[in-house]
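Here is a short briefing to read alongside the model. Have the sequence and the structure open as you go.

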Amino acid sequence: MYVEPVIIFRTQATLNEQQLILAVQQKEEPAFARLVADYQPMVYNTVLGLVQHDQDAEDIAQEVFIQVYQSISSFKGESKLSTWIYRICITKSLDWIKHRQRKKRFGFIQSIFGSSEETTLQLPDFHHPGVQLANKERAAVLFKAINLLPENQRIAFVLQKMEGLGQMDIAAIMNQSEGAIESLLQRAKQNLRKSLHDYHKTD
Amino acid sequence: MMKKHVSEQEIEDTLNSLDGLQRAEATPFFYTRLKARMEKELGAKGIAGIAWLRPSLAFSVLALFVALNVVTIINKKSAPKSRVVTTNTTVTEQVAQDYDLSISTY
């Protein structure tokens, strides 16, 4: 019997999270489309906060959903689906950042031998589209400082500031205690203050 | 002192500049592009094709293949060795019998 795709999609919209997971595990495409529609803003925003480049963020967000599709059969439901997807976002973004750093180092070596590759790899100021207009310039400076943070501090800070997550959720995503996350966030803010001081000194 | 105070305030404002941030969303047709990429990367069958790449299924197929080979080897080893000797005489006799050409001696 032929069923209109729109009707299938509407049926998927009534599924709860558990049913949605089961449907995606059985590779039902409408269910996967629904999962993408539900989690795309979360995935894209998180990745964008970490990599600070819109085009690359979209590519990585696609990779995240491909990974979700391929690995959802191994998802046991021990954590929330969003927690599991956040972890994939972080892993993929960090892989990309490491890849970018390797390219930068290679570009630097090339520049020693006269190539101009390094200059093309310098990222311009990042302007997040969701930042209020009055804060646009300050946010661009803050994003530069966020890039200088150690990996764990950067993740915790981005999840708190850009996704508005509480310490309990961040702890679940990063597989750490709430206390550890609290101290991580404190150290992140200290380091950011120091970087911003240095920025204003040289400014 | 005043300059330092202004700078501290500026730093606090910068630290809080992401407050009230709205989630960014990917460009329209994200799912269409994602689907096209999955079809390209995961094979011609597209996202449905990946079911065949699942480790559980791949291991099951491999296990079945190995089991069938083992059964075949065991059967071959345990079967009695019989040699079929075909000689010209036996073939001739067989043909003669088939066509009723045998010489009858009374």
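Chain A exposes about 10,700 Å², and carbon and sulfur atoms supply 51% of that area; accessible areas come from the Shrake-Rupley method with a 1.4 Å probe, and for residues only the protein chains shown count as cover. Chain B exposes about 9,000 Å², with 63% supplied by carbon and sulfur atoms.

This is a predicted model, in which local features need pLDDT of at least 70 and side-chain atom pairs count only at pLDDT 80 or more, while totals for chains, interfaces and linings use all residues. Residues are numbered from 1 along each chain as its sequence is written, chains are lettered from A and ligands numbered from 1 in the order in which they are written, and side-chain values use heavy atoms, leaving out hydrogens and water.

**The two chains**
- Chain A comes to ten helices and zero strands, where helices (H or I, at least four residues) and strands (E, at least two) are DSSP runs numbered from the N terminus.
- Chain B has four helices and zero strands.
- Of the 203 residues in chain A, 45% are buried; buried means under 20% relative accessible area, exposed over 50%, and partly exposed in between (1.4 Å probe, protein chains only).
- In chain B, buried residues make up 17% of the 106 residues.

**The nonpolar core**
- The largest nonpolar core has 72 residues, and Val43(A) and Ile85(A) touch the most other members; such a core is a set of buried Ala, Val, Leu, Ile, Met, Phe, Trp, Tyr and Cys residues joined through side-chain atoms within 4.5 Å.
- Helix H3 (residues 29-51) of chain A gives this core its largest share, twelve residues.
- Beyond its neighbours within four places in sequence, Val43(A) is in contact (heavy atoms within 4.5 Å) with Ala61(A), Val64(A), Phe65(A), Ile85(A) and Cys89(A).

**Where the chains meet**
- Contacts link 34 residues of chain B to 42 residues of chain A.
- About 3,600 Å² is buried between chain B and chain A, and carbon and sulfur atoms give 63% of it; this buried area is the accessible area (1.4 Å probe) that two parts lose on being put together, summed over both.
- The rule finds eight salt bridges across this interface, a salt bridge being a side-chain nitrogen of Lys or Arg within 4 Å of a carboxyl oxygen of Asp or Glu.
- Lys35(B) and Glu29(A) meet through their side chains in a salt bridge (3.1 Å, N to O).
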